[in-house]
Structures are given as C-alpha cells and as structure tokens.
Amino acid sequence: MAQQELISSRDKAELKRTFRKDLKGNVALKLFTQKQSMVTVPGRECRYCQQTQQLMDELSNLSPKLLLETVDFYQDSQAARDHGISRIPAVTLGGADAAPGDHRVRFYGIPMGYELPILVEDIKTISRSVSPLSTATRRKLRELNQPVHIQFFVTPTDATCPVPARLTHAMAIESPFISADVVESQEFPALTRNYGVRSVPFTVINEHMRFGGPVNETELLDKVLQAGVRTQ
C-alpha cells in the first residue's frame, strides 16, 4: 500500500511555486533522528522520527535549493553535540556553508500543522538573507554580549504560536549570540513538566526566565536584552 503523504498535493504545488519565486541561496536542513530497527531499545523510543523523516523528505524534494542531511543521533553523537541537539526528532536550519555552531535555528518534534509555515518562513529568510525584524530590533540585538538560549513551546493546533515562534527564530538568525528552539510540547512531556508548561505558547530564556502567552517583537526583544546584555 502506498505511503500516505504528509504534505497534500495541493500544498506541495503551492510550496513549489513559493520556493521557486522566493528562494535565492541554498538552505541546509539537518534532520537528527534514529535509524529504523525492528528492535526498540528502552529509553530510545522516538514515536515521530519516521514521520519527521518522511515530512522532511517531501519538503526538501520541492526545491533543489533545500539540502537535506539525515544524521543518526546515536551513531553520530558528536555531530549532535556540535549542533546543540539534545533530543530527537530535531531539525536545524542554516546557510549552505554554515558551520555546526551556526545552526542556531532548531525544531524539536515534527513540524506539522501550524508549525510547518514557521519552517517555510525560516527557509525563506535564510535563503534570501532578508530579516523580518524591524531595523530598530536588529540594531538593539547588536548590544548582546552574552549567550541567549530561547526555548519556545508550541503545539501543532495552536494558532497563536506561529508569530512569536517565528520571532524567536528570526532573532537567532540575526544574532550569533542567540539560539532558538521551537519545541512541540506534546512530544516531550518530561521537558514540558520540567519547565512547568501548562499551556502554549510558553517561553523559556536561559532556563531561569519563564513566561506564558504570546509576545510581540518589542516584548521579546526586552526579555532577550535582559538575559544577554552584561554591563561592564
């Protein structure tokens, strides 16, 4: 029986047109997953790894500018550490010639539902090198002098998540001091419980700064600057 597509034929046709029109440079997509096996190793279960592989295959086949590499999380643990990957499935994005440390835009979980458009917009931003952030925000981000790690918890069905999630990734693309993870909260319940996430969207910055609800660009920038600017 033929495998059911995760991206509909109609959406694929639309994405092909979008990529053909909007993509300029190549974009490197790295999928961290595990090899399929008939034997499940306790502690290494990955419910959505196979589906995430299928989704990324379908997406990358829509444009020759999307360069997908699949990395086995357990067999190539050094590559996972180099890219800051701590769980699977995970997807990182960067320019075609980006070093591992430059893959600061990350998805944890399968980017379905309202999360897929976030991934598409990230691809367009990286490919075109055109930031969706305001000039004022980009100028303020230059003040950062300390690392900032943003974890933004979402679900595929929550329509309030994409805009602030997009902002977190845009800031990571803009500043080498920022890394940003969009985390599908239902796939990582232990992590969700650890941060006390009861509803989405929910943001964690540098572990200690935690707040719920959607944020706009100015609000997120203020939080990032609080965490990432150390005065002399």
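User: What percentage of the 232 residues of the protein count as buried?
Analyst: This is a predicted model, where local features need pLDDT of at least 70, side-chain atom pairs count only at pLDDT 80 or more, and totals for chains, interfaces and linings use all residues. Residues are numbered from 1 along each chain as its sequence is written, and side-chain values use heavy atoms, with hydrogens and water left out. Buried here means under 20% relative accessible area, with a 1.4 Å probe and protein chains only. By that cut-off, the share of buried residues is 50%.

User: What radius of gyration does the protein have, and what would a compact globule have?
Analyst: The radius is taken over C-alpha atoms, and the globule rule is 2.2 Å times the number of residues to the power 0.38. For 232 residues that rule gives a value near 17 Å, which agrees with the protein's own 17 Å.

User: At what angle do the axes of α6 and α8 cross?
Analyst: Helices are DSSP runs of H or I, at least four residues, numbered from the N terminus. Axes are lines fitted to C-alpha atoms over the stretch in contact, with angles from 0 to 180 degrees between N-to-C directions. Helix α6 (residues 162-174) and helix α8 (residues 217-228) have axes that come within 10 Å and cross at roughly 50°.

User: Which residues of α8 do L167, T168 and M171 in α6 meet?
Analyst: Contact means heavy atoms within 4.5 Å. On the α8 side, the partners are E217, L220, L221 and V224.

Note on methods: Helices (H or I, at least four residues) and strands (E, at least two) are DSSP runs, numbered from the N terminus.
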